Amino acid sequence: MTSTSSHPQIVLASTSPFRKMLLEKLGVPFETAKPEVDETPQTNETVAEMVSRLSLAKAKAIAPSYPNALIIASDQSASFQDRPIGKPHHYENAVKQLRQFSGQTITFWTGLVVLDTRHNTSQQTLDETRVTFRTLTETDIHNYLVLEEPYQCAGSFKSEGLGITLFESIEGKDPNALIGLPLIDLTHFLRQCGLQLPYLPD
């Protein structure tokens, strides 16, 4: 995609199919690029601090390749009792995670950065979404894991899928943030960069 005077080049610094799906909801042409970023947590870094740092790092990682673009970058992680939540990777770990979460609340932190390489400016925010689980039975947990196999998902569930059946409530500003991209804040940032939204193609 090439840049035009009426529409800046937009680049999503992610190869996540979920973030791509969310950005497509805005109807704005964009391309994707994979940022090469070391995601190892730093010493004494909170989950919120890590997410904010990595969001900006992802945007900056691809910026040299896109000197006249709006770069959208995001990072997400979750915490339970102030500790980071990892991916289970297999059934047994997923069962343990969901047993822990039964009747409890976890917090998802979703960072967002829009880096305007035309003017070397950036906008950044951090979304907080609290997910409370209902009391889960062993059958609830087993059936869900067999059906959805969320073993590469932090917290052992997919909120955009059957994971929603495990919840008591979701508290947050933007339901899209839980899936991976806070669209309400994103549209505000894009408008600040001069993009008309809703977007009507030429």
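Trainee: Which residue has a side chain joined to that of Gln-97 by a polar contact of 2.4 Å?

Mentor: This is a predicted model, in which local features need pLDDT of at least 70, side-chain atom pairs count only at pLDDT 80 or more, and totals for chains, interfaces and linings use all residues. Residues are numbered from 1 along each chain as its sequence is written, and side-chain values use heavy atoms, with hydrogens and water left out. A polar contact is a pair of N or O atoms within 3.5 Å, where within protein one must be able to donate a hydrogen and the other to accept it, and residues adjacent in sequence count only if both atoms are side-chain atoms. The partner that the 2.4 Å polar contact joins to the side chain of Gln-97 is Ser-156.

Trainee: Is Gln-97 buried or exposed, and what is its relative accessible area?

Mentor: Gln-97 is found in helix 3, helices being DSSP runs (H or I, at least four residues) and strands likewise (E, at least two), numbered from the N terminus. Buried means under 20% relative accessible area, exposed over 50% and partly exposed in between, with a 1.4 Å probe and protein chains only. Gln-97 is therefore buried, its relative accessible area being 12%.

Trainee: Within what arc do the buried residues of helix 3 fall, seen down its axis?

Mentor: The buried residues of helix 3, which spans residues 91-101, are Ala-94, Val-95, Gln-97, Leu-98 and Phe-101. Taking the arc as that of the directions from the helix axis to the C-beta atoms, they line one face of the helix because they fall within an arc of 165°.

Trainee: Which helix is included in what covers the buried residues of helix 4?

Mentor: In helix 4 the buried residues are Ile-141, Tyr-144, Leu-145 and Glu-148. Seen down the axis of helix 4, they fall within an arc of 95°, so they line one face. Contact means heavy atoms within 4.5 Å, and what covers these buried residues includes helix 3.

Trainee: Which residue just after helix 3 takes a positive phi?

Mentor: Helix 4 is followed by Glu-149, whose phi is positive, near 45°. Just after helix 3, a positive phi of about 75° is taken by Gly-103.

Trainee: How many charged residues does the lining of the largest pocket have?

Mentor: Asp, Glu, Lys and Arg count as charged, Ala, Val, Leu, Ile, Met, Phe, Trp, Tyr, Cys and Pro as nonpolar, and the others, Gly among them, as polar. By class, the lining has 17 nonpolar and 10 polar residues, and the charged residues number 10.
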